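Visitor: I am new to this structure and would like to know the grounds for what is said about it. Please show it to me first.

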Amino acid sequence: MEKKQIPYKIYLQENELPKQWYNVRADMKNKPAPLLNPGTGQPLTLDELSPIFCEELCRQELDNDTAFFDIPAEILDFYKMYRPSPLVRAYFLEKALGTPAHIYYKFEGNNTSGSHKLNSAIAQAYYAKKQGLKGVTTETGAGQWGTAMSMACAYFGLDCHVFMVKCSYEQKPFRREVMRTYGAQVTPSPSMTTNVGRKLLEEFPDTTGSLGCAISEAVEAAVSNEGYRYVLGSVLNQVLLHQTVIGLETKAALDKYGIKPDIIIGCAGGGSNLGGLVSPFVGEMLRGEADYRIIAVEPASCPSFTRGKFAYDFCDTGMICPLAKMYTLGSQFIPSANHAGGLRFHGMSTILSQLYHDGLMEAVAVEQTSVFEAAEMFARIEGTLPAPESSHAIRVAIDEALKCKETGEEKTIVFGLTGTGYFDLKAYESFNDGTMTDVIPSDEDIAASLARLPEVRIR
């Protein structure tokens with residue numbers, strides 16, 4: 001059979017856009033451990049979750065058995081503004097590295113929010129609107145999720161209140177202003193507007209904030225205001241479900257040209273991008289249809305997979321959210337303010353945590369100066385300025401391609417380029433000025449945080 005010429009960019013047609021989200025839990029023999037009510041120690045019920053999340057999102061969160069969920073027509077119509085997104089063959093990077101490896105990246109930055117986060121934001125806003133709510137509250141770290149959520153809420157005419165991690169609020173004023181342009185109220189976290197924020201500021205007046213703290217504030221604000229619910233941009237089962245459009249499109253594009261990847265790489269903070277990218281491929285592994293090497297890449301300054309503990313923990317610093325069994329550094333862990341590369345959450349998706357625990361994935365932690373070296377190399381060679389988060393995956397993709405150069409193996413590498421870095425120029429400035437440092441938490445720091453894990457006795 002004549003081999004097809006692989007184009008620089010592989011596009012799917014609009015009619016090839018996935019019509020369903022894929023729920024990898026349906027194929028998992030070892031299901032993710034259930035969310036627990038911290039007061040009772042029992043698995044959370046739909047009724048207990050409903051005051052926090054939209055009702056349909058609660059059902060998606062708790063459903064371990066339905067393999068596919070139909071994507072509502074209104075969401076598909078919105079997706080068509082920027083999806084399907086391209087799968088790009090990194091010919092120029094391959095040439096610069098002198099590697100026999102074939103490198104592909106799934107580019108999720110071709111929308112105004114600049115990242116993959118819009119895939120779930122529009123779904124969560126849709127279900128909030130359908131339920132007749134006034135608005136939503138949420139948190140954001142690097143700002144990508146807050147930007148996406150503000151866009152989605154503007155589209156459906158919902159109020160949006162974003163608690164933005166304080167150091168990001170100060171470092172990324174333009175990201176903040178995009179949110180405000182779309183009508184969102186943006187508050188630096190921790191703040192004096194919530195009980196959780198006031199308590200944390202009293203104890204740590206100079207804190208630069210954390211994603212866990214911002215989550216606590218957003219949840220408190222949601223449950224304290226009639227007609228509002230909380231929405232989250234990562235970690236949750238429902239978010240990974242919505243993000244599977246990434247992996248489904250990636251697999252369809254590869255199948256068009258008869259390409260089977262050897263290595264699939266994604267950055268890992270809470271798990272939204274990585275889970276969305278790899279779920280359809282993991283499903284094949286779980287069903288015994290194929291085998292892949294899947295690599296989760298996390299920052300050395302927030303290494304939940306590689307140095308965390310697989311245990312039940314709070315998803316938030318204020319310890320008011322349900323308990324999730326995940327790889328965690330402890331809900332009280334706060335990454336150094338010098339960490340500019342995103343992926344700041346202390347824990348990992350329960351789905352990905354279980355897959356990692358079962359040996360279906362591997363993980364590597366990388367230092368941020370090496371991440372930004374890879375980011376600048378990629379920008380100069382491939383012409384796209386990548387988000388710092390995405391650049392963790394770029395770093396390891398380059399490393400794996402260079403290993404192929406040493407061995408002469410012609411492996412196919414696929415990684416997720418989650419978004420663009422045009423709102424992250426403060427971090428690039430720090431790298432270019434030589435003031436960026438690698439701050440890696442000590443064993444003692446992590447042990448102190450893990451020592452505060454809750455005692456869980458499932459009754």
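Guide: This is a predicted model. A place to start is Glu-284, whose side chain makes a polar contact with the side chain of Lys-251 at 3.4 Å.

Visitor: What makes the pair of Glu-284 and Lys-251 a polar contact?

Guide: The cut-off for a pair of N or O atoms is 3.5 Å. The side chains of Glu-284 and Lys-251 come to 3.4 Å, so the pair is within the limit.

Visitor: Where is Glu-284 found, and what is in contact with Glu-284?

Guide: Glu-284 belongs to helix α12, residues 272-286. Setting aside neighbours within four places in sequence, the contacts of Glu-284 are Lys-251, Glu-289, Ala-290 and Tyr-292.

Visitor: How do you know whether Glu-284 counts as buried or exposed?

Guide: Buried means under 20% relative accessible area. Glu-284 has 11%, so it counts as buried.

Visitor: How do you know that the span of helix α10 agrees with its number of residues?

Guide: Helix α10, residues 211-223, has 13 residues, and at 1.5 Å a residue these should span 18 Å. The C-alpha atoms at its ends are 18 Å apart, so the two values agree.

Visitor: What makes α10 mostly covered?

Guide: Of its 13 residues, 12 are buried. Among them are Leu-211, Cys-213, Ile-215, Glu-217 and Val-219. The elements that cover the buried residues of α10 include β6, β7, β8, α9 and β9.

Visitor: Why is β7 said to be largely enclosed?

Guide: Six of the seven residues of β7 are buried, so the rest of the structure largely encloses this strand. β6 and β7 run parallel and are joined by six bridges. The path of the chain from β6 to β7 goes through helix α6, residues 144-156, and this β-α-β crossover is right-handed. On the pairing of β7 with β8, there are five bridges, and these strands also run parallel. Phe-163 has Thr-187 in β8 as its bridge partner.

Visitor: What makes β1 and β14 edge strands?

Guide: Seven strands form an open sheet of mixed pairing, in the order β1-β4-β5-β15-β10-β11-β14. β1 and β14 each pair on one side only, and they are the edge strands. Within this order, β5 and β15 pair in the parallel sense over six bridges.

Visitor: Which helix lies across β5, β14 and β15?

Guide: Helix α15, residues 368-382, lies across these strands and runs at about 95° to β14. The 15 residues of α15 should span 21 Å at 1.5 Å a residue, and its end C-alpha atoms are 20 Å apart, which agrees.

Visitor: Why is α15 called largely enclosed?

Guide: In α15, 11 of the 15 residues are buried, so the rest of the structure largely encloses this helix. The cover over its buried residues includes α4, β5, β14, α16, β15 and α17. Just after α15, Gly-383 has a positive phi of about 85°.

Visitor: Which peptide bonds are cis?

Guide: Most peptide bonds are trans. The cis bonds include the one from Arg-83 to Pro-84, with omega near -5°, and the one joining Ser-189 and Pro-190, with omega about 10°. Pro-84 is in the loop between α3 and β4, and Pro-190 is in the loop between β8 and α9.

Definitions and conventions
Residues are numbered from 1 along each chain as its sequence is written. This is a predicted model: local features need pLDDT of at least 70, side-chain atom pairs count only at pLDDT 80 or more; totals for chains, interfaces and linings use all residues. Side-chain values use heavy atoms; hydrogens and water are left out. Helices (H or I, at least four residues) and strands (E, at least two) are DSSP runs, numbered from the N terminus. The expected span of a helix is 1.5 Å times one less than its number of residues. Buried means under 20% relative accessible area, exposed over 50%, partly exposed in between (1.4 Å probe, protein chains only). Contact means heavy atoms within 4.5 Å. Two strands pair if DSSP finds at least two bridges between them. A crossover is right-handed if, with the strands pointing away from the viewer, the path from the first strand over the helix to the second runs clockwise. Axes are lines fitted to C-alpha atoms, for helices over the stretch in contact, and angles run from 0 to 180 degrees between N-to-C directions. A polar contact is a pair of N or O atoms within 3.5 Å; within protein, one must be able to donate a hydrogen and the other to accept it, and residues adjacent in sequence count only if both atoms are side-chain atoms.
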